[in-house]
Amino acid sequence: MTDLDFKTIGANIKKRRNNLGITQESIANALDVNPSHISNIECGRANPSLTVLVKIANILQCSVDVFISGEYTFDAENSLEQPLDEMILEKLKNCSAEKKGRVLKMIDLL
């Protein structure tokens with residue numbers, strides 16, 4: 001895995017902050033840090049921890065994904081299949097043999 005692109009992450013934070021009309025100072029006050037630290041994060045000169053990213057996301061009323069979505073390298077479409085299979089199997093574990101038989105018949109009809 002390559003290192004995260006903190007310059008892009010910082011730019012995404014800045015974009016969201018500006019769109020909401022929130023100042024660096026207000027974020028800094030909420031985090032109890034110096035405003036220059038927020039500037040450094042936004043410019044990619046400082047690498048925020050996950051805890052700080054979550055706090056900034058909460059302040060900016062969004063998910064952390066807004067900041068880091070460009071960092072994902074997996075194929076989202078193919079990654080959804082395995083968890084869905086696992087979810088189906090997990091639900092079937094708790095079913096009676098009779099219900100499992102009905103589910104099997106429904107699957108056969110598909």
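Predicted model: local features only at pLDDT ≥ 70, side-chain atom pairs only at ≥ 80, totals over all residues.
Modeller: Residues are numbered from 1 along each chain as its sequence is written, and side-chain values use heavy atoms, with hydrogens and water left out.

Biologist: How many helices and strands are there in the protein chain?

Modeller: The protein chain has 8 helices and 0 strands, where helices (H or I, at least four residues) and strands (E, at least two) are DSSP runs numbered from the N terminus.

Biologist: Why are H2 and H3 called roughly perpendicular to each other?

Modeller: Helix H3 (residues 35-43) packs with H2 at an angle of about 110°, their axes being 8 Å apart; axes are lines fitted to C-alpha atoms, for helices over the stretch in contact, and angles run from 0 to 180 degrees between N-to-C directions. Angles under 35 degrees count as roughly parallel, over 145 as roughly antiparallel, 65 to 115 as roughly perpendicular and the rest as oblique, and H2 and H3 are therefore roughly perpendicular to each other.

Biologist: Which residues make the contact of H2 with H3?

Modeller: Contact means heavy atoms within 4.5 Å, and it is made by Gln-24, Glu-25, Ile-27, Ala-28 and Leu-31 of H2 with Pro-35, Ile-38, Ser-39 and Glu-42 of H3.

Biologist: What makes the pair H2 and H4 oblique?

Modeller: Helix H2 (residues 24-31) and helix H4 (residues 50-59) pack at an angle of about 125°, with axes 11 Å apart, and H2 and H4 are therefore oblique to each other. Their contact involves Ile-27, Ala-30 and Leu-31 of H2 together with Val-52, Lys-55, Ile-56 and Ile-59 of H4.

Biologist: Why does Lys-14 count as partly exposed?

Modeller: Buried means under 20% relative accessible area, exposed over 50% and partly exposed in between (1.4 Å probe, protein chains only); Lys-14 has 39% relative accessibility and therefore counts as partly exposed. Lys-14 is found in helix H1 (residues 6-20), and its C-alpha is 9.2 Å from that of Ile-38, 24 residues apart in sequence.

Biologist: What share of the 110 residues in the protein chain is buried?

Modeller: Buried residues make up 20% of the 110 residues, and the accessible surface of the protein chain comes to about 8200 Å², of which 55% belongs to carbon and sulfur atoms.

Terms used: Areas by Shrake-Rupley, 256 points an atom, 1.4 Å probe, with all protein chains shown as cover.
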